[in-house]
Every structure is written in C-alpha cells, then in structure tokens.
Amino acid sequence: MSETAKIELNGKMYEFPVVEGTENEKAIDITKLRQETGYITIDSGYKNTGATLSAITFLDGEEGILHYRGYPIEQLAEKASFIEVAYLLIYGSLPTQAQLDDFTSNITKHTLVHEDMKQFFEAYPAKAHPMGVLSSMICSLSTFYPESLDPNRSPEAKNLTILRLLAKLPTLAAWAYKNSMRHPFMYPKNGYDYCKNFMHMMFAMPTEDYDVDPVVVDALNKLLILHADHEQNCSTSTVRIVGSSQANLYATISAGISALWGPLHGGANQAVIEMLEKIHNDGGDVDKWVLKAKDKDDSFRLMGFGHRVYKNFDPRATIIKKACDDVLEKLQINDPLLAIAKKLEKVALEDEYFKSRSLYPNVDFYSGIIYRALGIPTEMFTVMFALGRLPGWIAQWKEMIEGGEPIGRPRQIYTGATTRDYVEINKR
Ligand code: CMC
C-alpha cells in the first residue's frame with residue numbers, strides 16, 4: 001500500500017498522498033488540502049515547501065551531493081565544457097558531437113546585439129552597477145524580438161529565444177563592464193569558444209589584442225559549470241514564477257538576474273571580497289570579525305558562510321577551493337585576501353557557533369578570489385554568476401512551460417485590521 005499522511009482537524013481525519021522522487025526524497029502532496037479542509041499551510045521562506053516536481057538538478061544538503069540530470073558535479077566540472085553542460089541542462093541529455101557542434105554554431109551566430117542597443121548603454125552613468133544594466137538590457141532584448149512575446153508561439157521560436165539569450169548575455173555583460181570604464185565595446189569573435197570570447201570582449205582593446213591564457217579559460221569554464229543550476233533557489237523560483245504568468249523569456253530571465261543580485265544570494269560573491277578587504281584593511285584580525293558575526297546585536301554576517309540547503313558542506317565550495325589554489329599557483333598570484341579567507345574558514349569551522357548551526361563555506365566564499373585572479377572587477381562577480389546560471393534558469397523555465405504548470409500564486413493568512421468604515425478626513 002502506498003504511503004499516505006494523515007492530518008486531523010477538528011476531530012476529522014484527512015489523508016494525503018506521499019510523493020517520492022527518484023532519489024527517494026519524499027513530500028506530502030497537499031494539492032487538495034484547501035479544497036478538502038478549508039485550511040492552507042504557512043511556511044515562511046518556503047523552508048519546507050516543494051514548489052514543483054523537477055527532473056533537472058538533484059541536491060542532497062546533508063550529504064553534500066549535487067547532480068545535473070544525474071551526472072555528479074565533480075565529473076562535469078572536471079571533464080565537460082560549459083556549453084556541453086548548458087545543452088545537458090536545457091535538453092536533458094549530454095549532446096553527441098554533432099549535436100554539440102550544431103548547438104555551438106547556433107549560439108555563435110547570435111552573439112552580436114542590435115547596434116541600437118549601444119545607445120542604451122550610453123545613457124547609464126559610469127558608476128552604474130553592471131547587474132542593474134544587465135537586467136535592463138536582457139529585458140530590452142524582448143523589444144527587438146517581438147516574436148518572443150508569446151512564449152508558446154512555436155518550439156522553433158522558443159528555441160531561437162533560448163539560443164539568442166545564451167549568445168547575447170556574454171556580449172551584454174562584457175559591454176556593461178566596458179561601458180563602466182567608458183572604453184570602446186569589443187565585438188565578439190566567433191572563432192573563439194564561449195569562455196575565451198567572453199574574456200576577449202572584457203579585456204581586449206581595439207588597439208591591442210588580449211592574449212587569453214588557457215588557465216584562465218579553464219578556470220572560467222569550471223566556475224560557470226559549478227554555477228549552472230541549483231534547483232529551486234531564490235532566482236530560479238523567481239524565474240519559474242514570473243514565467244508561469246506567460247511573460248516572455250527575456251523578461252523572465254531579467255527578473256531572475258534581479259533576484260540573484262541580492263547579497264544573501266548571488267550578490268554574496270561581491271560581498272565576500274568586500275568583507276575580506278575590510279578585514280585586511282582593518283589589520284587582518286580574523287577573530288575580531290568572527291566575534292562580530294556571532295554577536296546578535298551586530299548585523300554583520302560572515303559572507304560566503306551558510307546555506308539554506310547544504311548543512312554539511314557545499315560540494316561546489318570544495319571544487320572551487322582546489323581550483324582557487326591551482327589558479328593562483330599557475331598564474332603566480334599572491335593574494336593576501338586568500339590568506340585571510342583560509343584563516344577565517346579555519347577559525348569559523350572550529351567555532352561552536354558555526355558548528356552548531358551547520359554554517360560552512362558556500363560556493364561564493366572562494367569564487368571571488370578566483371575572479372580577482374582572472375582580473376574580473378568585484379562589481380562584475382554577480383554578473384559572472386548570472387552568466388553561469390543562465391542555462392539553469394532556461395532549463396527550469398522550459399520544464400515549467402512545457403509541463404503546463406499553473407500560474408504561481410501563493411496564499412496568505414491576513415493579519416491586518418478587520419472591516420471598518422471609511423472616516424472623512426476632517427473627522428479623523
Ligand atoms: N554568519 C553568521 N551567522 C549566520 C550566518 C552567517 N553567514 N548564516 C546564518 N547564520 C546564523 C543565523 O543568525 C541563525 O542563527 P540563530 O539560529 O541563532 O538565529 C542561523 O545561523 C540560521 O540562519 P538563517 O538565516 O535562519 O538561515 P537561512 O537558511 O534562512 O539563510 C543564508 C541561509 C545563505 C541566507 C545565510 O546563511 C546567510 O545569510 N549567509 C551569508 C550570505 C551568503 O553567503 N549567501 C550565499 C548563499 S550560496 C549562493 C547561492 O546559492 O545563493
């Protein structure tokens with residue numbers, strides 16, 4: 001007999017089915033709860049709420065496991081290319097060589113952005129945060145491709161939008177940086193692969209080629225893979241919920257970029273470096289900052305520590321920590337912030353406050369140090385996260401749209417004033 005859950009309300013028993021995933025995760029299916037009982041559930045921050053069934057990413061926070069479409073993240077980070085992983089996430093299986101060639105060439109064809117978009121950049125102040133620019137630019141793409149406005153127009157139209165997004169986001173991201181420097185934009189080079197092309201658009205100048213170091217390309221490839229999907233996190237849930245209103249994919253991804261920006265989510269990689277710089281400039285007394293993080297009257301938190309789902313270790317952080325050591329050694333960079341990061345990690349991991357709350361370094365703790373080593377400016381770190389997360393957002397949106405999921409619309413328990421009559425202003 002299949003497992004069920006029983007809820008007793010006012011002496012009456014209600015039974016609900018239990019759903020089991022392929023990795024034996026279990027959920028109580030309360031789809032009929034309100035209809036049958038008149039009650040809803042409250043779960044602030046959705047800590048216990050499964051918003052969907054999904055076949056894209058599996059993660060086990062207790063065991064520190066992360067799989068994309070069944071493949072362990074360690075194997076993908078070691079052996080695959082980012083474009084291969086993007087294909088895997090979006091279309092469900094690893095590509096054959098012919099499929100990969102076709103996918104790569106289709107993306108390459110769309111790397112240019114409409115020349116009119118260059119004028120948008122000019123209107124932004126030089127100090128504009130690149131995440132604000134990127135989010136607006138991605139939404140603006142919908143105005144150039146009106147056929148994308150109906151996300152269900154045709155499978156071909158949907159796929160074209162997907163390819164355009166994958167192709168144009170690196171161009172727009174690199175141009176956001178060039179614009180902040182008031183440097184001329186560099187056009188994409190279609191003979192380069194995805195990562196090399198991005199570094200070229202970031203760092204080449206019309207006067208000077210940028211010699212892209214293969215060590216840098218490898219590290220970037222790995223970082224993008226590690227960020228490519230992470231099931232129903234804040235930005236991905238945003239993408240699924242915005243997309244569920246049948247908004248177009250450009251607007252939907254733009255919303256995901258905005259959600260990612262916050263320092264408790266993707267913005268943490270920028271916040272980590274700013275925190276390490278602050279500790280460094282303050283004399284490097286790590287213990288003092290650990291004490292501050294533990295003080296409930298102090299709003300300071302150790303950025304890059306803790307995770308909603310990982311309560312043992314973040315497997316991405318383990319891979320990144322090693323990659324960080326490799327990159328710094330190969331590029332012969334001696335970064336004082338790395339020494340502070342390592343000391344901070346050691347002190348925090350031995351501290352009862354962090355141990356008892358299962359607070360471990362997350363993916364963002366070391367990624368910023370690699371980005372620094374690659375020459376990426378701090379304000380661009382969250383943009384790099386968005387570049388990596390794009391295939392995951394697209395895959396999750398595609399699954400939601402093709403699965404015919406209903407519009408996302410949570411309920412609430414109202415706690416405001418009960419009915420009262422309007423009082424004229426002169427009588428209040
Ligand atoms: N430093 C100090 N204390 C912390 C930290 C931290 N980084 N993170 C959590 N805590 C404490 C928190 O004060 C609370 O203590 P208490 O039980 O005494 O009230 C306890 O640990 C549980 O924290 P929470 O805020 O209830 O946990 P959450 O699951 O709601 O939040 C989090 C998860 C990632 C938002 C949080 O750990 C945090 O703010 N970390 C720093 C920001 C960060 O690195 N974010 C990147 C996440 S990984 C990238 C991504 O996928 O987005």
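Mentor: Across the interface of domain 1 and domain 2, eight residue pairs are in polar contact, both partners being at pLDDT 80 or more. A polar contact here is a pair of N or O atoms within 3.5 Å; within protein, one must be able to donate a hydrogen and the other to accept it, and residues adjacent in sequence count only if both atoms are side-chain atoms. On the side of domain 1 that touches domain 2, the largest share, three residues, comes from strand 4 (residues 57-60). Helices (H or I, at least four residues) and strands (E, at least two) are DSSP runs, numbered from the N terminus.

Before we go on, keep in mind that this is a predicted model: local features need pLDDT of at least 70, side-chain atom pairs count only at pLDDT 80 or more, and totals for chains, interfaces and linings use all residues. Residues are numbered from 1 along each chain as its sequence is written, and side-chain values use heavy atoms, with hydrogens and water left out.

So where are the two parts? Domain 1 covers 4-65 and domain 2 covers 71-411, with bounds that come from an automatic or database domain assignment. Their C-alpha centres lie 31 Å apart. At the interface, 18 residues of domain 1 are in contact with 19 residues of domain 2, contact meaning heavy atoms within 4.5 Å. Together the domains bury about 1,500 Å², 56% of it on carbon and sulfur atoms. That buried area is the accessible area (1.4 Å probe) that two parts lose on being put together, summed over both.

The whole count, though, comes to 17 salt bridges. In one of them, the side chains of Glu-3 and Lys-26 meet at 2.9 Å, N to O. This pair links distant parts of the chain, 23 residues apart: Glu-3 sits in the segment before strand 1 (4-9), and Lys-26 in strand 3 (residues 26-28). Glu-3 is partly exposed, with a relative accessible area of 43%; buried means under 20%, exposed over 50%, and partly exposed in between (1.4 Å probe, protein chains only).

Now try the salt bridge of Asp-314 and Arg-316, also 2.9 Å, N to O. Asp-314 is buried at 2% relative accessibility, and Arg-316 is buried at 2% too. For Lys-292 and Asp-298 the figure is 3.0 Å, N to O. There, Lys-292 is partly exposed at 25%, and Asp-298 is partly exposed at 22%. Lys-158, Lys-398 and Glu-402 are linked in a network of salt bridges.

Have a look at the backbone as well. Most residues other than glycine have a negative phi. Asn-24 is not a glycine, yet has a positive phi of about 65°. You'll find Asn-24 in the loop between strand 2 (12-20) and strand 3, where this residue is exposed at 54% relative accessible area. Ser-358 also has a positive phi, about 50°, and lies in the loop between helix 16 (352-356) and helix 17 (363-373). Ser-358 is buried, with 19% relative accessible area.

Note on methods. Salt bridge = Lys/Arg side-chain N within 4 Å of Asp/Glu carboxyl O.
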